[in-house]
Amino acid sequence: MKQYLGIDSSTQSLKGIIIDRCGILAEESVHFGSDLPEYRSPNGFLAHENPEIVHANPLMWLAALDLLFDKMQKKGIRLDRICGISGSGQQHGSVYLNSSFEKSLASLDAGKTLAEQLQPTLSRATSPIWMDHSTRDQCRALSERFGSRLQEITGSAPAERFTGPQIMKFARQDPAQWANTNRIHLVSSFLCSVLCGKSTSIDYGDGAGMNLLNLKTLKWDSEITGFTAPNLAEKLPLAVPSNTIEGGLCGYFGKYGLKPGIPVVVWSGDNPCSLIGIGCAQPGTIGISLGTSDTVFAPMSVFKTDPLGCGHVFGNPAGGFMSLICFANGSLAREEIRKKYQVDWAGFEEEIRGTVPGNGGSLMLPRFSPECTPSAPAGVVYGYDELSSSAGENIRALLESQALSMRLHSKWTDEKVHTIHLTGGASKLNGFRKILADVFQADVMTQESSNAAGLGAAMRAANAVDHLSFEELAEKLCLPVDRVLHNPDTKIIYDPMLEQYKRLEKGI
Ligand code: XUL
């Protein structure tokens, strides 16, 4: 049976997942912090004195790609059986390349590493990623120039982490390096280009996370690109549908046993890929990904935008559009509270067992890093009470508040939710699954792999290369292995608490 590979380049790791039409065959991962300590990025990004500036080293992603294939080969995984590849990238991150990029890609030498060969092609040594919140001035400039039209055109109000404002900041702060930049890639299109040995396109799913793509024409908007930075339009790759085959795998990867020439499908963003990977096609189902960021997403039946400006509209790789709401304080916030109590994840779960739904009204605004929904600076961890509340109560306050915030800020999509498909590392936390089920009053399903983004990328490869339908693939690959039913009795606790949470957030 034909096999397909999905690669997921997320904030903290690079993962590979191999499927055929009937199931998941193998998974492997590289953790940036522990496997590549020389890049000094324990959580996948570089330390900076200003917490609003968050960049990563793009060479680390290349080193991880070499290492992932090396690990797979050493494990005895038959990479020569793979017949199609696609991938998923953390959204919004951008890579800046000079005029030597194309030539270096076309002549990759299997005797050297990707990082050493492509290092000279970078016109900017580091890549701003989605956690960067340093573009307030640029967002203001976009708002002043375009008003609400920017959201109507691109599906999102100007957002600090989005690539357009990031590009504007770079071009204004460093005109010389900007002039030396020939091509801008997203994390997704950068890694796809490396696989193909030529500069490739950006798909509508990930391209919509730039504040540059006109979602009506599905082309870069010339007025917005013109205002964002000089000559920007000519530095952007083409925007294409998510099932586009970009080319064949380049010869370099033959050293890992992969077959050069196998089709490589355009990569997409992690959230669009996760939508496919959880098989989330039916109305009434939404996806929640509990990763470094927490995200809530769903297919959209009609194009609409968030009146409060926090939510986004991206291209749905299955066609049409999807909604997306992102909470920056996801796993990193859970991790902070877990570390405060010096417990492992089992201990974290154990602590909530002795607490009750509603937590006596205790809530928390966990802003360990700058928040995007709603926009707020870092440093305010409102509601954390070490002295008078127990560990369990503080952990419950964090988890219930995260769930309430997701419910509150996804209301604009008007989706009636009866089922939540949960994915991401923290989907393994039983206590959190129960809280989400009760707060949303919807049943929570989890599936075999917690890496829906990688799975979705592999499914996209199968769909584009061999026309296997997403429905057919989801029936075999996205089956629930666990279902948590909601308790209707908790509705009277969480409905008023939602109002309480709303007031708290507004007050702060
Ligand atoms: C979505 C967002 C994050 C990143 C990283 O808008 O910023 O979810 O895609 O996962």
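1. Seven strands form an open sheet in the order 18-19-17-16-24-25-26, with mixed pairing, where strands are DSSP runs (E, at least two residues) numbered from the N terminus and two of them pair if DSSP finds at least two bridges between them. Strand 18 (312-315) and strand 26 (480-484) stand at the edges with a single partner strand each, so one side of each has no neighbour in the sheet.

2. This is a predicted model, in which local features need pLDDT of at least 70 and side-chain atom pairs count only at pLDDT 80 or more, while totals for chains, interfaces and linings use all residues. Residues are numbered from 1 along each chain as its sequence is written, and side-chain values use heavy atoms, with hydrogens and water left out.

3. Within the sheet, strand 17 (residues 294-300) pairs with strand 19 (residues 321-327) in the antiparallel sense over seven bridges, and Pro299 has Met322 in strand 19 as its bridge partner.

4. Helix 18 (residues 452-466; helices are DSSP runs of H or I, at least four residues) is largely enclosed by the rest of the structure, because 14 of its 15 residues are buried, that is, under 20% relative accessible area, with exposed over 50% and partly exposed in between (1.4 Å probe, protein chains only). His467, which follows helix 18, has a positive phi near 55°.

5. With a disulfide taken as a pair of cysteine sulfur atoms within 2.5 Å, the count is zero. Cys22 is in no disulfide, the nearest cysteine sulfur being that of Cys478, 13 Å away. The sulfur of Cys372 is 4.0 Å from its closest cysteine sulfur, in Cys326, too far for a bond; Cys372 counts as buried, at 13% relative accessibility.
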